[in-house]
Amino acid sequence: MSGSVAVIGGGVIGLSVARRAAQAGLSVTVHRGADRGASWVAGGMLAPHSEGWPGEERLLRLGLDSLRLWREGFLDGLDPALVTARESLVVAVDRADVADLRTVADWLSQQGHPVVWESAARDVEPLLAQGIRHGFRAPTELAVDNRAVVAALAADCERRGVRWAAPVSDVSDAAGDTVVIANGIDAPALWPGLQVRPVKGEVLRLRWRKGCMPLLDKVVRARVHGRQVYLVPRADGVVVGATQYEHGRDTAPVVSGVRDLLDDACAVLPALGEYELAECAAGLRPMTPDNLPIVRRLDERTVAATGHGRSGFLLAPWTAERVVSELLPVGVKS
């Protein structure tokens, strides 16, 4: 294949696009800076079922398509240990939370994606608080170590000849015949009119200590008095997230957000109270008005791959395939 591609953005979306383009035989340059961005502050859940909500049918379909790609080859050549969990358990704390959860489960079933309802959730996860009974399992969902995935994708890009370059402030300065805008919340600065805005989310990392209860082996998501919390396994502990609110480009964790996450996490798994509070961080998700990503051609030279919101890791393989299909001539597959 002849032709060169410049990918602007070095997060999970940009690196996934760059890797797929290199696999297809294209010459690829990634423009990236030192800012770790939203990919660094993420849970790494690949969870279209447990993230689903009535009215978001299209996002569910995209998520399921992309989860299939994760399972059918996206991880080829990468360390299998990047996967930290192979099932999600979604539970509810009070009656109102149970009603919300039942709404989601019924909606999924109506979409043809039934989940496994549980009325004895502690039989599935004994670490749950004693009062928690109801929930559902999503057996096909996965979770990955977000930071390790980004590092692995970058290393694989290098093995495939992808070059690195400094960030650009104008699309015309990008080093490629085709340019892919994949820099999250900064995309509108390169292409005014892209409706992407930053939405803040705090995430905590809790580290296992000697004498504590054992580590989780599945993702546990919960509704706690109307709030949502997720607990995602890591090799040394658990990631707890995530708040969601609009506060410009502020990335400082605040007391109220951290307090709510800790309170809710311990309400679901009391044993977490003995873990070490290893890190508090906040990231900025690139959200769109309809919560759907913007992955499409903008003009003859430029393709957008941004606006993935809370689903960046989940939708990375789908985005890479969609973008590369725009870059290759009709009828060419690789």
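**Entry 1: Arg86**

I began at Arg86, which sits in the loop between strand E4 (83-85) and strand E5 (88-92). My labels follow DSSP runs numbered from the N terminus, with helices (H or I) of at least four residues and strands (E) of at least two. This is a predicted model, where local features need pLDDT of at least 70, side-chain atom pairs count only at pLDDT 80 or more, and totals for chains, interfaces and linings use all residues. Residues are numbered from 1 along each chain as its sequence is written, and side-chain values use heavy atoms, with hydrogens and water left out.

Which residues does Arg86 touch, not counting residues up to four places away in sequence? I listed Pro139, Glu141, Leu142 and Asp217, taking contact as heavy atoms within 4.5 Å. I also checked Ala143: from Arg86 it is 57 residues apart in sequence and 6.6 Å apart in space, C-alpha to C-alpha.

**Entry 2: the whole chain**

Next I zoomed out. The chain has eight helices and 17 strands. Its radius of gyration is 20 Å, close to the 20 Å that the globule rule gives for 334 residues, so the chain is as compact as a globular protein of that length. For the record, that radius is taken over C-alpha atoms, and the rule is 2.2 Å times the number of residues to the power 0.38. I read the span of the C-alpha trace along its principal axes as about 60 × 40 × 35 Å.

I noted that 55% of the 334 residues count as buried. Here buried means under 20% relative accessible area, exposed means over 50%, and partly exposed lies in between (1.4 Å probe, protein chains only). Of the contacts between residues at least 6 apart in sequence, 76% join residues at least 24 apart. The chain exposes about 14500 Å², and carbon and sulfur atoms supply 50% of that area; the method is Shrake-Rupley with a 1.4 Å probe, and for residues only the protein chains shown count as cover.

**Entry 3: charges and salt bridges**

How many positive and negative side chains does the chain have? I noted 38 positive and 40 negative, with the centres of the two sets 2 Å apart. Lys and Arg count as positive and Asp and Glu as negative, while His and the chain ends are not counted; each charge is placed at NZ of Lys, CZ of Arg, CG of Asp or CD of Glu.

Side chains of opposite charge can pair when their charged atoms come close.

I looked at the bridge between Glu279 and Arg147, with N to O at 2.6 Å. Glu279 is in strand E15 (residues 276-287) and Arg147 in helix H5 (residues 146-159), so this pair links distant parts of the chain, 132 residues apart. Glu279 is partly exposed at 24% relative accessible area, whereas Arg147 is buried at 16%.

Then I followed Arg197, whose salt bridge with Glu246 has its closest N and O atoms 2.7 Å apart. Arg197 lies in strand E11 (residues 197-207) and Glu246 in the loop between strand E14 (237-241) and helix H7 (255-268), so the pair ties together parts 49 residues apart in sequence.

I also noted a network of salt bridges that links Arg19, Asp156, Arg159 and Arg160.

Is Leu204 buried or exposed? Leu204 is buried, at 0% relative accessibility, and its place is in strand E11. Leaving out residues up to four places away in sequence, its contacts include Val238, Leu261, Leu277 and Glu279.

Ser66, in helix H2 (residues 57-74), is buried with a relative accessible area of 0%. Beyond its neighbours within four places in sequence, Ser66 is in contact with Leu314, Leu315, Ala316, Pro317 and Trp318.

**Entry 4: backbone notes**

I found a cis peptide bond from Gly241 to Ala242, with omega near -15°; Ala242 is in the loop between E14 and H7.

His225 has phi near 55°, a positive value in a residue other than glycine. His225 lies in the loop between strand E12 (219-224) and strand E13 (227-234) and is exposed, at 56% relative accessible area.

Asn291 has a positive phi too, near 65°. I placed Asn291 in the loop between E15 and strand E16 (294-297), partly exposed at 25%.

Note on methods. Salt bridge = Lys/Arg side-chain N within 4 Å of Asp/Glu carboxyl O.
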